[in-house]
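Please read it beside the model.

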Amino acid sequence: MTKKPSPTSTEALPVNECWALLRSVSFGRVAVWDVDHPNIFPINFTVDHGTLVFRTGEGTKLAAVRRGHPVAVEADGVDPDTGLAWSVVVKGSAEPMTSTDSLLDSFSLKLFPWHPGRKDTFVRISPTSTTGRRFHVTPPAEWWTAYANARQTYPE
């Protein structure tokens, strides 16, 4: 049984619980190295045999994956009734799925992108690191300061 964090603590999650949480959602963000800077994109993903799989089309994400740089995926969630939140980060390598067997297997994956357009390439992320944490969302009255509503002198 996992000990739930106190309202002021952060609980590090074991890897198996991280993967269970990832299986409970289908949306996250993937961070890639885009030529000379990091970039981050929303993705719909699924867990498949200890890896993450997402679909994409030609563009920045796929070009970054083809360059072979490491990637990171972050997904999170919160229970609005309890205020218990979690965040999981998977770091690893990403490769387009190109073998006949992996492409045939990909058709059974339930991947439903939110954005229209051609997303013919399935990308598999093989993890080198999986970390997660759980914490209670702090009520605004506990973190609000007088400066929170101060007029900003610079554009945001």
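1. S87 counts as buried because its relative accessibility is 16%, where buried means under 20% relative accessible area with a 1.4 Å probe and protein chains only. S87 belongs to strand β6 (residues 84-96); strands are DSSP runs of E with at least two residues, helices runs of H or I with at least four, numbered from the N terminus. The S87 side chain makes a polar contact of 3.1 Å with the side chain of E74. Such a contact is a pair of N or O atoms within 3.5 Å, one able to donate a hydrogen and the other to accept it; residues adjacent in sequence count only if both atoms are side-chain atoms.

2. This is a predicted model, with pLDDT of at least 70 needed for local features and 80 or more for side-chain atom pairs, while totals for chains, interfaces and linings use all residues. Residues are numbered from 1 along each chain as its sequence is written, and side-chain values use heavy atoms, leaving out hydrogens and water.

3. E17, in helix α1 (residues 15-23), is buried at 15% relative accessible area. Its C-alpha lies 8.4 Å from that of G132, although E17 and G132 are 115 residues apart in sequence.

4. What sits over the ring of F41? The charged end of K61 does, 5.1 Å from the ring centre; the criterion is NZ of Lys or CZ of Arg within 6 Å of the ring centre and within 35 degrees of the ring normal.

Definitions and conventions
Buried < 20%, exposed > 50% of the residue type's maximum accessible area, 1.4 Å probe, protein only.
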